[in-house]
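Please read them with the structure open.

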Amino acid sequence: MSDNSLMKTLATYDRRWVYLVLFLVVVGPLLRPIGMPISVSPDTRQYYEAISSVEEGDKILFTLNTEFSGYNEIQAGIVATMRVFIEHNTKICVAVGHPEATGIPELVFNQLRSELDANGYVYGEDYVILGYVMPNEASVASMSQDFQGAITQDWLGRSIDDTFLSEINTWEDWDLIADFTTGLATTYLLNHFALRGTPMTVNCIGVMIASQKPYVDSGVYLAILQSMRGGAELEYLTGHPGPGLTAMDAFTFGHYMLLLFIIAGNVGYYGYTRQQRGGG
Amino acid sequence: MATPLFQVPLIAEGRFIGLILDILIFALVLYYTSGDKKIYIRRVAGLDAIEEAVGRAAEMGKPVVASYGLGGFTYWTLAGLSILSHVATLSAKTGTRLIVPTGGSTESLIVRPVAEEIVKTAYTMEGVPDQYNPDDLPFLSGQQYAYVGGYVGILQRTRPASTIMTGSHWSDAMNIAETSNAVGAITITSGAYISNVAALACASDYILIGEEAPAAGAYLSDDPSQRASIRVQDIFKWIALGCIILGLVLSNMGINIVENLLST
Amino acid sequence: MDTQGSREEEDKMVTMIDYSITIVGAFLAMCMFTTLYGKSSPLYALAEESYIGFGTGLTIVINAEYIWRTGIVNIMRGDYILILALILGAMILFRVHPKYNYVARIPIAIALGAQFGLSLRTIIFSGFIQQITASIVPLFGGDMMTMLYRWTIALSVIFMMTFFFYSIELKGPLATSAKIGEYFLYTAFGAIFAQTFMGRLGLFVGFMQSYTVPPWKKPILLAAMFIVFAAIVIMDRTGMLEKYTPVE
Amino acid sequence: MAEILKNRQLQIAVMALAFLLVFVPYFIEVPALEAASTKLITITAIVNAVTLILALQSQIRRGLNIVQRRQTGWYFKAYMIITMVLMVVFAFFGRETGPYHWVMYAVVNPLSSVNYGILAFYMASTAARAFRARNTQALLLLTTGFIVLLYQAPLTGAYAPWLEPIALYFGDTFGMAAGRMFLISVTVGAIVFGVRVLMGKETSVLGVGKEEV
């Protein structure tokens, strides 16, 4: 009898237990990180090769097509990629595709203060933050065709005339687009830049992997970095441990917890339904 | 890398075939919507599930919650509206209470009056216009989060027998589907984008996968334009399939004509 | 070493502003998590309306700025054709006017036309032609793994495609092919579900991490978790949830 | 004047003209046309930004209604309207520091994050209750889902590297093919829909007739 009720519990427990356990297994390791080992996937290696092949003076369009929520997932990738660009002394232009993302460049550059200083980065000369310039497809299209006509000021209203951006006119003038995305303007960048031939890499949230992967395979993107795990792997490759790597314990536990629940659910399902059939 | 077969004067390099395909779509839509062509549409299995869901509600004496998504006028929304019309007719026939959450985005504001009209018409056609209650089409604001909150609240308070969620839903879909399941409703959903479809396929009792929803909508609707649309999409799928198979065969024999033609 | 140094520096400079941002943020976030409790509550309403209110305010600011930068600044620089944008924009506002709403039709027509022009001209390449050419790959030669990958993709695309034909009856080999396509689709769904879960888990982990790094935030997070959880349980037990929760 | 503006034919003609002005220069390379098309695109972008006012109008009107009728929890709506106005006012005090900056990081950042992060919970409970081998489809889904989930846990990759090729195989073949399949079918669907609107077959999209708000 008790066996039956155990099976029933496994098959029909209150889903709030799942919520509570997931909450605890994530918060626990974040409060006390263990530092479990990880492996690096081929996609991340390809991405690392793509971003580290930039050369000094290359003009890079660094697009943040994400809300704050997405930033939390892919910040490891954003910071690690930006570090690589700074270390290669490239010219970086940050543009964002969501109102919330106007607050993200500050978070990124604050983490890279020492790298910026070490490479002598000066705002205006070496990097510019444009703010929310990609609200819709039309605006991205005009950035691609007539940059000077579409963009006149940076995010705080200062003219961009005296910056390196004055040399940008069309999509051809960018050496690389590094996109960080939860969706939003990425499709527009794809249509109006990547498809015309601007090299482009993408770091997307996990939800988008399935829809973005075909573009890598068909050669439209140079490479793709997947979700937070990709960011952690990139941190490992660049040799600068950061938020991605410390979150990997919680990541592992979250996955294992779900697997346990699935196993328990199936055991319960078979045990319970079989007993019901046998009894009835 | 494929090389273009030929260069058409005036036309930008590598864009000729794209232009031709776009023009072909125009021509086909024009052809199939003109005159009185009755286009065959296959009945998708999901429609039986919808009928069962409404029948279950009638038996249990509980309401049905049906939504057409929170997007603007896209073809997903149109499909959702066609299905809503069918659900409303079934509800009117069986005397089941139908609740339709509306709103959810700025674009959806212009869809709402159409939905109202559809439900009202269904009740009138079935001869029970007095059963139509405008308060059962609550407007849950033009914000996605407020919409989800309101939707979930309705599910929790009314505990419907069935939930039929079609049209465009984004990250809100899982929240609604899980709550619907938690309150014991039969959950039928449709998904437009792939990550959502995979998750909804697990969370729902029945799912209309991708294009199944527009096809179901076209099947139910008399609108020649919707049916023509499904036919033209089918033709283009045949083209894609033909190109892929032919291309695979030829390119493995060392003839790259298909890739080269496509990059012309 | 460098990051270590800057971390310590940051720790020293924690200001009252940093504390207040963390306290308010942690509290509101936990309020939003209360929706998992399965009942709506005033705490959730507080979080939700805060987000809608401030979020909409933010959207207003950013859009106004866009109109200013792209429109007005350029007009003042002599690009007078952009005045048309302001006129059309004003016309579109008539949409909500009960009597003169027809005025909005022209700007809507222009916006829609341009929109379709933009998407139709490119998606045929990215979503159709390029996907076909990417499917045409050498099926022989290369190592076993590559061949297995390529054969699976080619067959999957072909079988799945037949599952999505609607204007013909599925009979004979086509029906078999569609059935195989359906099985392949569900196999794919398993993998995609897992990837999606990874993404959502990443969002959640990343967010929680922003309240555990740097370490001075940890007690604030724990306190917020405890207070909100206790509050929701007490409110549920005492019937206060029903009384104070707003009804849509 | 009113009669001209109400004319549906004119509306469709204008739409078609705008369409052609953007569409054609992409295929036929004439610099003057290209420039005109870019200008039209910029104009459209600005017009789109203006439409926000419409959304605001309906949102504020609805909030005020609830406040006036003193519905349960009306004070939350009043609070919403106040915070909306406050945010606009804050923007005038600068955005790098001050109240705008504070709200951005104390309110918008965490709430936006939770909003999506919470979906991890729904997906977990879905998997826990629905990943059950009920029929062939469900069994296939369960099997691949289980393998890929197991691989995605970073620790597994370090200790069971043999799982990587299997898990990647499912994602990069079946998952990729499904993604491509969906992309092709959604693309064609979207183009066909666009064509229907341009041909005046979908009048509701233009807001003609009884559909008007």
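This is a predicted model: local features need pLDDT of at least 70, side-chain atom pairs count only at pLDDT 80 or more; totals for chains, interfaces and linings use all residues.

1. Domains of chain D. Chain D is divided into domain 1 (2-50), domain 2 (52-117) and domain 3 (133-195). How far apart do the C-alpha centres of domain 1 and domain 3 of chain D lie? The distance is 41 Å.

2. Contact between chains D and A. Chain D brings 42 residues into contact with 43 residues of chain A. On the chain D side, six helices each supply at least two residues: H3 (31-50), H6 (98-117), H7 (119-130), H8 (136-152), H9 (154-159) and H10 (163-198). Helix H6(D) gives the largest share, nine residues. What classes of residue make up this side of chain D? There are 24 nonpolar, 14 polar and four charged residues.

3. The sheet of chain A. Chain A has an open sheet of six strands. The order is S3-S2-S1-S4-S5-S6, and the pairing is parallel. The edge strands of chain A are S3 (127-132) and S6 (223-226). Each of these two pairs on one side only. From one strand to the next, the twist averages 15°.

4. One strand pair in chain A. Strand S2 (residues 91-96) of chain A runs parallel to S3(A), and five bridges join the two. Which residue of S3(A) stands opposite Cys93(A)? Val128(A) does.

5. Helices on the chain A sheet. Helix H3 (residues 42-51) of chain A lies across S4 (176-181), S5 (200-204) and S6 of chain A. Helix H3(A) runs at about 125° to S6(A). Helix H4 (residues 68-87) of chain A lies across S1 (59-65), S2, S4, S5 and S6 of chain A. The angle between H4(A) and S4(A) is about 160°.

6. The sheet of chain B. Chain B also has an open sheet, formed by five strands. The order is S2-S1-S3-S4-S5, with parallel pairing. Why do S2 (98-99) and S5 (206-209) of chain B each have one side without a neighbour in the sheet? Both strands stand at the edges and have a single partner strand each, so one side of each is left without a neighbour there.

7. Inside the chain B sheet. Strand S3 (residues 162-168) of chain B and strand S4 (residues 186-191) of chain B pair in the parallel sense. Four bridges make up this pairing. Thr163(B) stands opposite Thr187(B) in S4(B). Helix H2 (residues 46-60) of chain B packs on the sheet. Helix H2(B) touches S1 (64-69), S3, S4 and S5 of chain B. The direction of H2(B) makes about 140° with that of S3(B).

8. Make-up of chain C. How many helices and strands does chain C have? Chain C has nine helices and zero strands. Along the sequence, the pattern is α-α-α-α-α-α-α-α-α.

9. Dimensions of chain C. The radius of gyration of chain C is 28 Å. A compact globule of 248 residues would have a value near 18 Å. The C-alpha trace of chain C spans about 70 × 55 × 55 Å along its principal axes.

10. Packing of chain C. Of the 248 residues in chain C, 54% count as buried. Among contacts in chain C with a separation of 6 or more, 41% come from residues 24 or more positions apart. Please read these values alongside the radius of gyration of 28 Å for chain C.

How values were computed:
Residues are numbered from 1 along each chain as its sequence is written. Chains are lettered from A and ligands numbered from 1 in the order in which they are written. Domain bounds come from an automatic or database domain assignment. Two strands pair if DSSP finds at least two bridges between them. Axes are lines fitted to C-alpha atoms, for helices over the stretch in contact, and angles run from 0 to 180 degrees between N-to-C directions. Two residues are in contact if their C-beta atoms, placed from the backbone, lie within 7 Å. The radius of gyration is taken over C-alpha atoms; the globule rule is 2.2 Å times the number of residues to the power 0.38. A residue is buried if 20 or more other C-beta atoms lie within 10 Å of its own, exposed if 12 or fewer, and partly exposed in between; C-beta atoms are placed from the backbone. Ala, Val, Leu, Ile, Met, Phe, Trp, Tyr, Cys and Pro count as nonpolar, Asp, Glu, Lys and Arg as charged, and the others, Gly among them, as polar.
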